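Dear colleague,

Please find the structure below, handed over for your review.

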Amino acid sequence: MAGKPVLHYFNGRGRMESIRWLLAAAGVEFEEELFETHEEFEKLIQGGTLMYEQVPMVEIDGMNLVQTRAILRYIAAKYDLYGRNLKEQAWIDMYVEGLRDLSDMIMYFPLSLPDEKEMNLEYILQRATTRFFPVYEKALRDHGQDFLVGNRLSWADIQLLEVILMTEECKASVLSGFPLLQEFKVRISHIPTINRFLQVGSQRKPPLDEESIQTAKDVFRFEHGLFLKNMSTIVAEY
């Protein structure tokens with residue numbers, strides 16, 4: 001019998017959080033090796049298992065998987081969350097890639113320079129409510145099902161719920177103009193495996209704070225100016 005997947009990362013959300021979400025939604029128990037020091041991270045690199053000397057890395061099925069999207073696609077396919085055919089997979093990919101654009105902006109938001117934080121928050125909320133959420137509201141209306149693709153849960157639904165909750169951490173009322181997304185959030189949150197992941201004490205990580213930022217800096221030895229990214233550079237990409 002195969003062992004549990006093992007996730008290698010620091011103790012924070014980052015790129016690993018969507019992987020945690022997907023495994024949890026699939027009902028898969030997993031273990032975590034969380035770096036606390038640069039030496040622990042360096043030991044993994046020296047061991048030769050980290051293809052690009054970057055994390056996240058997931059040990060699963062005898063492989064050391066790296067690159068976030070490759071990991072997510074493998075998990076989605078393995079646990080039947082990646083559609084029934086190529087057309088459904090294409091729709092899932094489109095929805096997920098769009099959500100990645102929004103989630104990246106939110107993920108980097110805590111790293112904003114102090115004098116740009118208010119501007120960046122306003123931009124994130126503006127893009128969420130005028131560019132991204134309208135797409136998913138329309139998708140649910142046009143599709144007429146409980147899920148974004150087909151008639152069952154997929155990676156796209158899980159990613160959408162994750163990003164909705166991330167955006168609500170920025171502004172609690174952000175879904176006020178999107179009734180179908182409000183219903184979707186309640187519906188998907190009540191799926192038993194997802195509901196368990198949303199409970200206190202699960203392996204879901206809290207939003208990035210000063211302590212987790214410092215941990216990441218210590219582990220990966222980012223330079224202060226490099227790590228505290230100028231969010232305007234990220235904003236310019238969208």
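Lys-78 and Asp-61 meet through their side chains in a salt bridge, at 3.0 Å from N to O (a salt bridge is a side-chain nitrogen of Lys or Arg within 4 Å of a carboxyl oxygen of Asp or Glu). This pair links distant parts of the chain, 17 residues apart: Lys-78 is in helix α3 (residues 68–78) and Asp-61 in the loop between β3 and β4 (63–66). Helices (H or I, at least four residues) and strands (E, at least two) are DSSP runs, numbered from the N terminus.

The model is predicted: local features need pLDDT of at least 70 and side-chain atom pairs count only at pLDDT 80 or more, while totals for chains, interfaces and linings use all residues. Residues are numbered from 1 along each chain as its sequence is written, and side-chain values use heavy atoms, with hydrogens and water left out.

The structure holds 16 salt bridges. In one of them, the closest N and O atoms of Arg-20 and Glu-32 are 2.7 Å apart. Arg-20 lies in helix α1 (residues 17–25) and Glu-32 in strand β2 (residues 31–35), so the pair ties together parts that are 12 residues apart in sequence. Arg-20 is buried, at 0% relative accessibility (buried means under 20% relative accessible area, exposed over 50%, partly exposed in between, with a 1.4 Å probe and protein chains only). Glu-32 is also buried, at 19%, and forms a salt bridge with Lys-205 (3.1 Å, N to O).

Yours sincerely
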